Amino acid sequence: MDNVDVLVVGAGATGLMLANELAIAGVSVVVIDREAGRLRHSKALALQPRTAEVFDLRGLIDGARDRSLASVNGHFGGLPVPLAYEGWSTRYPYMVAITQSETEALLEERAAANGVAVRREHELTVLAQDEEGVTATMRTPQGEQRVRGRYLVGCDGGRSVVRKLLGVNFPGTPAVRYSVAADVLLQETGAEPANQWGALAKMFGQRNASGQSVALLPLGEPNFYRLSYTDPSISAETRDIPVPKERLEEVLQSQYGETARIAEVQWVSSFGDASRQAERYRVERVLLAGDAAHIHLPAGGQGLNLGVQDAMNLGWKLAADVKGWAPDGLLDTYESERHPVAAQVLENTRVQSLFFYPAADERMEAMRELFTTLMALPDVNRHLAGLVSGLGVRYPMEGEQHDLLGARLPDIELTASDTPQRTSVLLRTGKGLLLTEDDRHAATAKPWAERVDVVRTSRLSVSGTVVDALLVRPDGYICWARTARSTTPTQSAPVQNALADSLHRWFGHPEH
Ligand SMILES: Cc1cc2nc3c(=O)[nH]c(=O)nc-3n(C[C@H](O)[C@H](O)[C@H](O)COP(=O)(O)OP(=O)(O)OC[C@H]3O[C@@H](n4cnc5c(N)ncnc54)[C@H](O)[C@@H]3O)c2cc1C
């Protein structure tokens, strides 16, 4: 039986991102997936701005942009006012349109470069855990196999076997409304629908004569499109019946006219607006991440992004535990930080579903009008953009309070530092980062040199807040910040204590 530090179940975006985070921290990891290869079809079609930032933190963003189809504005429920991200101080004030299969390919290539093995046709069937580890039993073409890990993480999607084997409840609301997604090759008619990426909000808001939202997005190859539409005729009983080509064409033509014809259907799937969240993300040595922990309507494109960010939050904490330096309770902050974030996404997608699906109640039209007016207000738009993009995520943290505590560090050009660099590039080591020009701070952090890099830089402006020193976690969130009001020596001891407190809280005891 193989022994490994962490066994990751599921080679989707969540599992691959997590594997990469563990690998750069020097933890041995094996990823298993029941499928023989990556699926060719793509569920998700976009990365949110925060995911683009996170990819930048790991040197993945150029690869994503090379494979991307377009840069687009986000939308909320298909209402006609696009989400504006500029108010969030981001280098990526747009969504990166990219197929999920390309995102997964990028992450899997990185995993291979990091020496992570993905074992395909390995389906988890049983798990048993004790105080020291977890034994997983898998069905493979070579027969039953077992792997022993110190931890196991279920990144095995919405129907997670890991979650079921743990007996973790998955409360929420069942699907009541359904949509269809289909990847289709259109016949050459000389009248191709225009490139719709530029008008995402408008497109998701448009309705055909039957009141259905019908969207068509080009997937990068000639005549290849994602057709997506709401369908009130689908129910829980009929959702697994394959949608015939004739029906797809009928809906396509209802929006784009009779010249739009389908030559071939490459993939079709019906999906509902079920909204559920695992009650717990951890049972002893087994954790859940991504769709295994939460499902919701894919409104605004948030699911894959949530999973990638779960992985980013969990990876360094789990690695710290495996390496033996995690401070007490660090691993539990994964659930306490990420559960509320997913709960909020469930909430905003439930609201969006009201706008997407044809209203049974005619007062919904008034609601749409009012919400559209509200979205034109910059503060409201910024708030919604922060919710959907992930840029607004802020983790509650203990310790010395500061306006920036718990917020993400946007990418900043350190022109006045001793190494002129972007902060996102500095964080690519997967270690923590202390930005300061104060020798006393650098001296305080010295015992943590293996876990925290110190970079000298002068006073910074971070999202409009002036700051003299910052401590940043490996996942890019600020866990201590200091704005000096005066530099009298009497303040020095408390300042160093607050910094040392935060170093202990997030990076453990330096001797361990
Ligand atoms: C139509 C549609 C459009 C979407 N659009 C977007 C979008 O634009 N943006 C966005 O962010 N999200 C979108 N989503 C949601 C997104 O696709 C999911 O949130 C995302 O796939 C979750 O990734 P994951 O890695 O957590 O799980 P998954 O992608 O489901 O991966 C789970 C993996 O686990 C494997 N597995 C399952 N069980 C086992 C087992 N027992 N043993 C071994 N392996 C197993 C599976 O084979 C799979 O590879 C969309 C979803 C749909 C349906």
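Student: Which residue in E9 stands opposite valine 134?
Tutor: Glycine 149 is the one facing valine 134. Keep in mind that this is a predicted model.

Student: OK, and how do E8 and E9 run, parallel or antiparallel?
Tutor: Antiparallel, with 7 bridges joining E8 (residues 134-140) to E9. The two strands make a hairpin, and 2 residues sit between them.

Student: What does E1 pair with?
Tutor: E1, residues 2-9, pairs with E9, residues 143-154, in the parallel sense. That pairing has 7 bridges.

Student: Switching to helices. At what angle do H8 and H9 pack?
Tutor: About 170°, with the axes 10 Å apart. H8 is residues 303-323 and H9 is residues 332-356. An angle over 145 degrees counts as roughly antiparallel, so that is how H8 and H9 lie relative to each other.

Student: Which residues in H8 and H9 meet?
Tutor: From H8, they include Leu306, Gln309, Asp310 and Leu314. On the H9 side, Tyr334, Glu337, Arg338 and Val341 are among them.

Student: How does that contact divide into nonpolar, polar and charged?
Tutor: The residues of the H8 contact with H9 are 6 nonpolar, 3 polar and 4 charged.

Student: New topic, cysteines. How many disulfides does a search of the whole structure find?
Tutor: The count is 0.

Student: Is cysteine 155 buried or exposed? And what about cysteine 479?
Tutor: Cysteine 155 has 8% relative accessibility, so it counts as buried. Cysteine 479 is at 2% relative accessibility, so it counts as buried too. The cut-off for buried is under 20%.

Student: One last thing, the backbone. What is the phi of glutamate 121?
Tutor: Glutamate 121 has a positive phi of about 55°, although it is not a glycine. You'll find glutamate 121 in the loop between E6 (117-119) and E7 (123-129). Its relative accessibility is 39%, so glutamate 121 counts as partly exposed.

Student: And where is glutamate 284 found?
Tutor: In the loop between E16 (282-283) and E17. Glutamate 284 is not a glycine, yet has a positive phi of about 55°. With a relative accessible area of 55%, glutamate 284 is exposed.

Definitions and conventions:
Residues are numbered from 1 along each chain as its sequence is written. This is a predicted model: local features need pLDDT of at least 70, side-chain atom pairs count only at pLDDT 80 or more; totals for chains, interfaces and linings use all residues. Side-chain values use heavy atoms; hydrogens and water are left out. Two strands pair if DSSP finds at least two bridges between them. Helices (H or I, at least four residues) and strands (E, at least two) are DSSP runs, numbered from the N terminus. Axes are lines fitted to C-alpha atoms, for helices over the stretch in contact, and angles run from 0 to 180 degrees between N-to-C directions. Angles under 35 degrees count as roughly parallel, over 145 as roughly antiparallel, 65 to 115 as roughly perpendicular and the rest as oblique. Contact means heavy atoms within 4.5 Å. Ala, Val, Leu, Ile, Met, Phe, Trp, Tyr, Cys and Pro count as nonpolar, Asp, Glu, Lys and Arg as charged, and the others, Gly among them, as polar. A disulfide is a pair of cysteine sulfur atoms within 2.5 Å. Buried means under 20% relative accessible area, exposed over 50%, partly exposed in between (1.4 Å probe, protein chains only).
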